[in-house]
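Me: Hello! I am new to this structure and would like to get to know it step by step. Could you take a few questions?

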Amino acid sequence: MGVDLSEGMLVAAREKAARHPHGAHVEFRQMDAEHLALPDASFDVVVSLFALHHFPDPAAALRASRKGRSSGRAARKPSCVACAMPVA
């Protein structure tokens with residue numbers, strides 16, 4: 001599942017996915033990553049590449065992703081020092 005607050009980014013992501021052999025298996029939803037509108041434990045892994053520094057409250061986004069993960073695993077590539085902050 002791909003999540004973005006911007007409908008324009010979702011359109012671009014859907015277009016890119018449509019060109020990929022497995023793109024039909026990806027769902028995209030418009031929502032705020034700091035307040036994911038998903039049930040607890042509804043996904044296994046979170047992957048965030050160069051995104052956290054765009055959020056007003058990166059720690060809130062990390063907490064929201066932790067709440068939704070069933071496995072507790074996450075992969076992220078921090079693009080700034082603020083993105084690498086620990087979350088309690």
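Reply: Gladly! Let us start with a definition: Ala, Val, Leu, Ile, Met, Phe, Trp, Tyr, Cys and Pro count as nonpolar, Asp, Glu, Lys and Arg as charged, and the others, including Gly, as polar. Please keep in mind that this is a predicted model.

Me: How do the residues lining the largest pocket divide into nonpolar, polar and charged?

Reply: The lining of the largest pocket is made by 40 residues. Met1, Gly2, Val3, Val47 and Ser48 are the ones nearest the pocket's centre. Sorted by class, the lining holds 27 nonpolar, eight polar and five charged residues.

Me: Is Leu49 buried or exposed?

Reply: Leu49 sits in strand β3. Together with Val45, Val47 and Phe50, Leu49 makes a nonpolar surface patch of about 380 Å². Its relative accessibility is 55%, and the cut-off is over 50%, so Leu49 counts as exposed.

Me: Which residue has a positive phi although it is not a glycine, and how accessible is that residue?

Reply: The residue is Ala41, with a phi of about 55°. Ala41 belongs to the loop between β2 (28-30) and β3. Because its relative accessibility is 46%, Ala41 counts as partly exposed.

Key:
Residues are numbered from 1 along each chain as its sequence is written. This is a predicted model: local features need pLDDT of at least 70, side-chain atom pairs count only at pLDDT 80 or more; totals for chains, interfaces and linings use all residues. Side-chain values use heavy atoms; hydrogens and water are left out. On a 1 Å grid over the protein atoms alone, a cavity is a set of points where a 1.4 Å probe fits but cannot get out, and a pocket is an open set with protein on both sides within 12 Å along at least five of seven lines; lining residues have an atom within 4 Å of a point. Patches are made of residues with over 30% relative accessible area and no salt bridge: like charges are joined within 9 Å, nonpolar side chains (Val, Leu, Ile, Met, Phe, Trp, Tyr) within 5 Å. Accessible areas come from the Shrake-Rupley method with a 1.4 Å probe; for residues, only the protein chains shown count as cover. A salt bridge is a side-chain nitrogen of Lys or Arg within 4 Å of a carboxyl oxygen of Asp or Glu. Helices (H or I, at least four residues) and strands (E, at least two) are DSSP runs, numbered from the N terminus. Buried means under 20% relative accessible area, exposed over 50%, partly exposed in between (1.4 Å probe, protein chains only).
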